[in-house]
Structures are given as structure tokens and as C-alpha cells.
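Work through the following exercises with the sequence and the model side by side, and try each task before reading its solution.

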2 protein chains.
Amino acid sequence: MNKILVIGHLNPDTDSITSAISFSFLQNQLGKNTEAVALGECNEETLFALNYFKFDAPRIIDRASNDTKDVMLVDHNEFQQAVSDISELNILAVIDHHRIANFQTASPLYYRAEAVGCTQTIILKIFKENSIAIPKNIAGLMLSGIISDTLLFKSPTCTEEDVRAAEELSSIAEVDINSYGLDLLKAGTNLSNKTAEQLIHLDAKSFEVHGKKIVVSQVNAIDFSDILSRKNEILDVLNHTISESSLDLFVFVITNILEGDSKMISAGGLINECEKAFNTKFIDNEAFLKGVVSRKKQIIPSLMDALS
Amino acid sequence: MNKILVIGHLNPDTDSITSAISFSFLQNQLGKNTEAVALGECNEETLFALNYFKFDAPRIIDRASNDTKDVMLVDHNEFQQAVSDISELNILAVIDHHRIANFQTASPLYYRAEAVGCTQTIILKIFKENSIAIPKNIAGLMLSGIISDTLLFKSPTCTEEDVRAAEELSSIAEVDINSYGLDLLKAGTNLSNKTAEQLIHLDAKSFEVHGKKIVVSQVNAIDFSDILSRKNEILDVLNHTISESSLDLFVFVITNILEGDSKMISAGGLINECEKAFNTKFIDNEAFLKGVVSRKKQIIPSLMDALS
């Protein structure tokens with residue numbers, strides 16, 4: 001039987017890594033021969049979850065076609081966020097909760113997207129539809145994905161379905177959502193051993209809007225000052241990346257997971273449009289965004305509006 | 001509550017019209033305010049099904065934004081097959097069984113595609129997942145969609161899921177699949193009152209492959225000679241359409257639903273590539289294709305291969 005790779009997005013986060021693992025497990029139970037792989041190193045938060053539930057980090061690849069032509073994508077669809085040889089591959093399935101753009105196939109496929117807070121909430125449904133039992137440690141990983149993507153239900157992307165799914169998974173995994181959840185999120189804020197270069201690429205996503213190249217990257221913190229103390233160093237690498245990759249805007253977002261607010265450090269030719277997008281003034285490239293925590297639901301749509 | 005239009009593709013076929021009706025019914029049961037509309041007149045086959053199960057043909061629109069910004073698409077996703085103002089609309093949901101291409105959204109959405117023979121097979125699952133009872137006449141329309149798209153299970157696009165769905169729906173609708181199915185398909189072959197112009201546009205789909213503009217149109221017959229007797233007239237309108245719309249290829253397929261074979265009348269600058277695609281020779285622009293009945297699974301992929 002053809003090997004199938006199950007792949008999350010570039011600069012993988014906890015939802016992306018754990019969804020690849022849980023969806024690969026599900027597909028193998030359905031008789032497929034799949035392997036979960038990753039497009040980069042796991043971040044500290046993801047490593048905490050993998051370690052807690054006793055999983056190894058998935059193998060890292062940068063091309064799929066050395067292994068196989070057949071892939072399934074989780075937690076992304078836009079080709080610029082996908083494995084480098086995506087346009088040569090046969091995409092059998094996509095499970096996602098993002099907008100659809102820069103994506104196409106030659107043949108019909110299984111595509112399952114819903115406007116929920118986390119890919120794992122959709123994968124849980126597919127487990128149930130196929131009457132496949134979820135092992136305790138897989139349930140723990142799935143719960144970790146939901147906690148991470150919804151910031152423990154604080155994000156405006158979080159739906160009632162995500163909350164119900166997390167409750168169901170926590171009882172299978174036998175962990176307390178709140179105490180495990182805070183430990184998980186705090187693990188992700190341990191960024192002291194990262195260089196500024198690593199920091200801005202840790203969870204960076206690229207977008208093209210009307211021909212403009214934009215990167216929006218996001219890290220979590222429990223105190224803004226941990227990261228803002230390195231602001232000059234961060235601004236230097238932002239500017240360097242912008243000129244090296246011919247970007248029009250690089251937005252680096254620091255989200256305080258306890259308060260539910262963000263600070264933004266932005267640079268690039270479109271910085272005035274970025275001010276308009278968030279109805280704010282940058283002072284030394286920095287702005288405070290009250291109540292903003294979601295890249296997908298709050299940051300990207302505002303930027304797209306301002307640029308159109 | 002915002003009105004939502006549920007829309008099938010241009011040059012609507014039975015799956016497209018009936019899926020709009022059944023999915024609109026389902027959404028209304030879930031509390032939404034939707035209306036099924038169509039992007040053109042119903043064909044003879046669809047009218048037979050609507051008449052049999054006592055439905056009116058959906059209202060025809062060419063723009064959605066006179067009514068609303070919010071739409072759900074069934075049986076298509078490619079923008080060139082969609083309502084004319086699609087790029088200004090908010091696409092809330094897509095239920096489809098085709099490849100994904102030339103499609104994008106600004107926001108996350110509900111997207112449900114599977115590689116099955118008919119959109120109705122997927123809609124049946126969504127009825128079940130939401131525990132919504134299917135009325136007898138809606139079941140009859142859904143069954144009609146499956147019979148039409150799978151050519152009464154003869155098409156290579158037909159899966160076991162489509163067969164099981166049709167059996168389940170036929171028992172709710174209380175009709176015999178085979179006798180009703182043959183009557184339905186035969187109704188669609190009654191094309192004597194169509195002009196050649198109408199004939200070639202009845203079920204025409206446009207594609208762009210590597211910058212080349214291609215139209216593939218298909219009609220069903222129970223005897224090739226019914227349509228081939230008008231071949232010269234058909235070739236005239238093919239050539240006229242090609243020069244008027246700057247097409248590179250127009251493929252007109254006549255499928256014998258009793259034998260499961262097709263004849264193809266082709267014209268345009270890429271006719272040699274078309275010969276290669278089907279490993280055949282056109283004699284006076286005409287070729288016989290043994291065992292070919294599916295545009296999606298047999299004709300389009302061969303053309304795409306030959307043109308790439």
C-alpha cells in the first residue's frame with residue numbers, strides 16, 4: 001500500500017504537530033499506511049505536550065516526494081505554508097480551520113474545513129463518525145491542540161464546539177483542563193534560549209495580499225517585558241528579514257496569555273497601512289492592542305481590509 | 001436574520017439544482033434563512049425530477065448581491081462556474097465533489113468535499129450527523145441527483161457510498177431505483193426541441209489549463225444518431241463559439257447512457273492535443289471513445305495530462 005505522509009504547516013505550532021499525529025493515527029485505524037511528519041522543529045509548548053503524553057517529535061522533512069507522492073494536510077491549505085514540493089504531490093485530504101487561498105488540486109479530494117478554533121475539534125468528529133476509540137495519550141495531544149489554538153478558550157476564534165470537544169478529550173486523557181492548560185501555555189512562553197532570529201520565525205505565517213508580501217508572526221508571553229527587553233535586537237532582524245526577502249510588512253505580535261492583550265512590533269514599507277488597520281499609532285515601531293489575541297480572526301482580516 | 005442563497009453551478013444539471021434544494025432545506029431546519037436559487041434554466045432531466053416530486057424550479061439569478069452578501073455553494077467551487085459576483089460575496093459553506101481550483105475566501109468557512117459520485121451523497125451524511133429527518137419528496141430529489149451524476153451507477157465516479165446512499169434514499173422516497181432511474185435519464189435525452197446553440201451549452205464547463213481556455217460540454221443520449229444527424233449544424237456553432245470567446249478547444253461529448261460509451265465532436269487550435277489525450281484520431285472532428293462516460297474522471301484528467 002502506498003505510504004501517505006500527514007503534514008502540518010511550516011513553523012509548526014501545537015495544533016499542527018498534534019493534528020498530524022492524531023489524524024495519522026485515525027487514518028491508520030482505517031487501514032491506511034500513514035506517517036505524521038513535521039516541517040520544522042517543535043516549539044517549547046509542543047515539546048511539553050509531547051513529553052507529557054509520551055510521544056516523540058515527528059520526523060522533520062522539507063520535501064515529501066523522496067518518500068511518496070501521496071499526502072494529507074492538516075491545519076493549513078495555502079501552498080506557501082506547505083511542504084516545498086506541494087505542487088508536485090497528490091493531496092488526498094485536507095483537515096483545516098483556516099480560510100482557503102492559493103490552493104488547488106487536479107483531482108477530487110476529501111476536504112473538511114469548519115470555522116472552529118482548532119483542527120483537533122474537527123478530527124474528533126471524524127473519530128466519532130468512524131466509531132474509532134481515542135487512546136488516552138492521543139486524546140491528551142488533541143486536547144493540547146485545542147488549548148493552544150484557543151489560548152485556553154480566551155481567543156475569539158474559540159467556539160462552543162471547541163469547549164465541548166476539550167471537555168470530552170480531557171475526560172478521556174484524565175487531565176484537568178485548567179491546570180494542565182496553564183502549564184502547557186506557560187511552557188510556550190519560555191523563549192529565553194531563542195535568538196531574536198529564531199523568535200520572529202517561531203510561528204511566522206506568510207500572506208500575499210494584492211501582490212504585497214506580508215509576514216505575521218506571533219509568540220505568547222506571560223509578561224511583555226520578557227520579550228520587549230530585546231526589542232532593538234528584534235527590530236534589527238525584522239529589518240534584515242524584510243530587505244532579504246523583499247517583504248512589504250513584517251508584523252511581530254507578542255500576546256499576553258494571562259491578560260488577553262497583545263503588543264505589536266512592525267516594520268516595512270506598509271507600516272502606515274498597518275497603523276490604519278489597527279487604528280493605532282506606532283511609537284518606535286511598537287503598539288499596544290487591547291483585547292487582540294487572534295492572528296486569524298483579528299489581525300489578518302484587519303490587515304486585509306486596510307490593504308484592499 | 002441574514003438571507004443566505006444556496007447556489008449550484010452555471011449550466012445547472014440535476015445534481016446542482018437538487019443539491020441546492022436539499023441543502024437549503026437542511027440549513028433551514030438548522031435555523032438558517034436560506035433560499036435555493038439557480039444560475040440558469042433547468043434541463044429536461046431536472047424538470048422531470050422536479051415534476052415527479054412536485055417541486056417548482058428554483059428562481060434564476062445572475063448576481064447574488066442584489067439579494068444578500070451571504071452564499072453557500074453546492075456542486076462546484078471554481079469561480080468561473082459560479083455566480084458572476086462571487087468574488088464580492090461571503091462564502092459561508094461549500095459542499096462539493098470536484099477538484100478545488102480558482103477558489104479562495106477571506107475567512108474560514110465550512111467546506112465539505114469528498115471524492116464521491118454526487119454532492120447529494122455528502123448532503124445525506126450531513127442530514128444524518130444533524131439527526132434531521134428527510135421528507136419523502138426531498139429524498140426523491142436527492143436520489144435523482146445520484147442517479148443523474150452516476151448515470152445509474154455506470155460512471156467510474158460512482159462509489160459504494162453513492163450506491164448505499166441511493167438505496168437508502170429510494171426507500172424513503174418509495175420509488176424503484178432502476179425503473180425511475182431509466183425514466184429520469186431518458187427524459188434528459190429528449191433534446192429534439194433544442195437548437196444546436198442550446199445543445200452545446202446545456203451542460204458546458206469551462207477550464208483554464210496552463211493559460212489555455214477549454215470548454216467541455218456533455219449531453220446524454222440513448223442513440224448517438226439522434227444528435228449526430230445534426231453534426232454539421234453543431235460544428236458550425238462550435239467554431240462560432242470558439243472564435244467569439246477566444247477558446248483553444250471546445251469538446252462536445254455525447255454519452256450513450258445505455259451502452260456506457262461516448263462520441264466526441266471537437267474543434268479548436270488544440271485538436272491535435274485532444275487526439276493525443278484520448279489516443280484516437282478525429283475523422284471530420286468526430287471520435288468514438290469506448291467506455292468513456294465521465295467528464296470529471298476520464299475526460300478532464302486526460303486533457304490536463306496531454307496539455308501539461
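The exercises below concern a predicted model, and each task is followed by a solution in steps.

**Exercise 1. The two domains of chain A**

Task: State which residues form domain 1 and domain 2 of chain A, and describe the contact between these domains.

Solution: Begin with the domain assignment, which places residues 4-187 of chain A in domain 1 and residues 196-307 in domain 2. The centres of these two domains, taken over C-alpha atoms, are separated by 25 Å. Next, look at the contact itself, to which domain 1 of chain A contributes 18 residues and domain 2 of chain A contributes 18 residues. Between them, domain 1 and domain 2 of chain A bury about 1700 Å², of which 58% is on carbon and sulfur atoms. On the side of domain 1, Asn11(A), Leu151(A) and Pro156(A) account for 29% of the area buried against domain 2 of chain A, which is more than any other three residues supply.

**Exercise 2. Polar and charged features between the domains**

Solution: Helix α6 of chain A, residues 177-188, gives the most to the side of domain 1 that touches domain 2, namely three residues. That side of domain 1 of chain A consists of five nonpolar, eight polar and five charged residues.

**Exercise 3. The relation of chain B to chain A**

Task: Work out which rotation superposes chain B on chain A, and why the copies can be said to meet through the same surface.

Solution: Chain B is superposed on chain A by a rotation of 180° with 0.0 Å of shift along its axis, and the RMSD is 0.0 Å. The two copies are therefore related as by a two-fold rotation axis. In chain B, the C-alpha nearest this axis belongs to Arg112(B), at 2.5 Å from it. Now compare the two sides: because 100% of the interface residues of chain B are also interface residues in chain A, the copies meet through the same surface.

**Exercise 4. What the chain interface is made of**

Task: Describe the area buried between chain B and chain A, and identify which element gives the most to the side of chain B that touches chain A.

Solution: In the contact, 21 residues of chain B face 21 residues of chain A, and the two chains bury about 1800 Å² between them, with 59% of it on carbon and sulfur atoms. Arg99(B), Ile100(B) and Pro108(B) supply 29% of the area that chain B buries against chain A, more than any other three residues. The count of salt bridges between the chains is zero, whereas six residue pairs are in polar contact, both residues being at pLDDT 80 or more. Two or more residues come from each of β6 (110-113) and α11 (295-307) of chain B, and β6(B) gives the most, with four residues. By class, this side of chain B has eleven nonpolar, five polar and five charged residues.

Methods: Residues numbered from 1 in each chain as written. Chains lettered and ligands numbered in written order. Predicted model: local features only at pLDDT ≥ 70, side-chain atom pairs only at ≥ 80, totals over all residues. Heavy atoms only, no water. Domains from an automatic or database assignment. Contact = heavy atoms within 4.5 Å. Buried area = accessible area lost by both parts, 1.4 Å probe. Nonpolar A, V, L, I, M, F, W, Y, C, P; charged D, E, K, R; others polar. Least-squares fit on C-alpha atoms with pLDDT ≥ 70 in both. Salt bridge = Lys/Arg side-chain N within 4 Å of Asp/Glu carboxyl O. Polar contact = N/O pair within 3.5 Å; in protein donor to acceptor, adjacent residues only side chain to side chain.
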